[in-house]
Amino acid sequence: MKKSAAVLIGGVLALSSVGCGNGSTTEPGGKVQININGQPPQTQAFDRKVFDEDVAEFETANPDIDLVPHEGFMDPKTFSAKLAGGQLEDVFYVYFTDPAALIARKQAADLTDYVKDVPHYGDLKQELKDVFTVDGKVYGLPTANYTMGLLYSRANFTKAGLDPDNPPKTWDEVRTAAKKLKDAGVTGFAEYSKSNQGGWHFTTWIKSVGGDVAKKDGDKYVADFNNDKGKEVLRRLKEMRWDDNSMGEKQLLEIGDVQNMMGAGQLGMYLAAPDNVAAIVNQFKGKYDDYGLAAIPEQKGTLLGGEGYMINPKATPEKIKAGLKWIQWKYLNPDRLEGNLQKYKDRGQPVGLPIPPIADIWTGEPRKKQEDLKAKYATMPVKNFQAYVDGSEKTKGSLEPPQAQQVYAILDSVVQATLTNKDADHAALLKDAETKVNAVLAQVK
């Protein structure tokens, strides 16, 4: 499941190139020409302008490289046909859920011998690099990521007598806070339960308490939630929904419903990624001061998502080197951080959340530099979101399960039953879902 209303649903845009992955390596005059995707559409005016400006600046700094931008991203439904037909760009965007299958099918270039020359590659978070690494070989570069955390209303925390600078750190503390918020006249905690989003968040919950929804068993995947961890998640949902009534009567919610509740001041907390804050502020003309973001409760694990770039397996060594130079220069370049932040601030864009242009991908000195610059150029109170940033360093993120959307659809029914039926049999729900999920996972090759 993608990370936001934009990325959760994010439509794949049409790609319009011909002969993208083939053709000569160099143009007359010795230039290396590479086709790149990821260019925002004209409807995203600010992002498109920044992208096009970056292309021009890069080409000026690298006169031996000619970039040919294309709108859109990698579409799994058409990817193989585009590759076979020579229509695939040399450098292409992927979500974190894509690389494993592409690598298994040998549909991405082996970059192992090239990444050693990529500046700051060693400073990227290892768990992000692992997404693109199989058997010690590297097939791509991560450029942005997110993990799920706890988004909360600072205004409603204050109203309920809670300390907005000390958000809940455990699920017990979430339950206690939700009861106080309910007593203050708002819904304490909300949860999704339809459109595959209930299963998506069930996955986040179970990771937070140290479990997962699927595991590798030899050369296959099997369900891994019909156990004490799965029962703990449902027990906690039942306690808040039925014992405390802190989740309210209205259920069968999805992301738009919950964002509306938060934006209208009717909600205390829900699980979310950082970009939800910007979505709520923009939609409801709110203030960043009114919201906070904390680490996932318990911090035993969380759902990891993100994006990166891979290179056409048919690309020549010259194109691979040029492609990696572009990816590093635009997306993985600590030396451009300050200029980017100044540009965003000068053009009225929000600065301070752990999302691009300050994606939370670094360790060591680049991370410290980024945090210092974020504080310097912030257009919002970054302390409101510091608990999330600090927690992300300590919490192991892991990817969505194979066949994620089918798995989530099955788990939706488990969450729905728990939230709409006080007497739901949790053991029976988990057992039935396990059988169905195992049938889905048996299709994974």
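Trainee: Which residue does arginine 347 meet in a salt bridge?
Mentor: In this predicted model, the side chain of arginine 347 forms a salt bridge with that of glutamate 53, at 3.1 Å from N to O. The pair links distant parts of the chain, 294 residues apart. Arginine 347 lies in the loop between helix 14 (337-346) and helix 15 (364-377), while glutamate 53 belongs to helix 2.

Trainee: Why can side chains pair like that?
Mentor: Side chains of opposite charge can pair when their charged atoms come close.

Trainee: How is arginine 347 classed by accessibility, and on what value?
Mentor: Arginine 347 counts as partly exposed because its relative accessibility is 34%.

Trainee: How many salt bridges does the structure hold?
Mentor: The structure holds 31 salt bridges. One of them joins arginine 48 to glutamate 71, with the closest N and O atoms 2.6 Å apart. This pair also connects distant parts of the chain: arginine 48 is in helix 2 (residues 45-61) and glutamate 71 is in strand 2 (residues 65-71), 23 residues apart.

Trainee: Is arginine 48 buried or exposed?
Mentor: Arginine 48 is buried, at 11% relative accessible area, under the 20% cut-off. Glutamate 71, at 24%, counts as partly exposed.

Trainee: And what does aspartate 244 pair with?
Mentor: Aspartate 244 meets arginine 175 in a salt bridge of 2.6 Å, N to O. Aspartate 244 sits in the loop between helix 10 (228-243) and helix 11 (255-263), and arginine 175 in helix 8 (residues 171-183), 69 residues away. Aspartate 244 is buried, with a relative accessible area of 9%, whereas arginine 175 is partly exposed at 22%.

Trainee: Changing topic to strands: why is strand 11 largely enclosed by the rest of the structure?
Mentor: Strand 11 covers residues 267-272, and six of its six residues are buried, so the rest of the structure largely encloses the strand.

Trainee: Which way does strand 7 run against strand 11, parallel or antiparallel?
Mentor: Strand 7 (residues 149-153) runs antiparallel to strand 11, and four bridges join the two. Tyrosine 152 has methionine 269 of strand 11 as its bridge partner.

Trainee: What about strand 8 and strand 11?
Mentor: Strand 8 (residues 187-189) runs parallel to strand 11, with two bridges between them. There, phenylalanine 189 stands opposite methionine 269.

Terms used
Residues numbered from 1 in each chain as written. Predicted model: local features only at pLDDT ≥ 70, side-chain atom pairs only at ≥ 80, totals over all residues. Heavy atoms only, no water. Buried < 20%, exposed > 50% of the residue type's maximum accessible area, 1.4 Å probe, protein only. Pairing = 2+ DSSP bridges. Salt bridge = Lys/Arg side-chain N within 4 Å of Asp/Glu carboxyl O.
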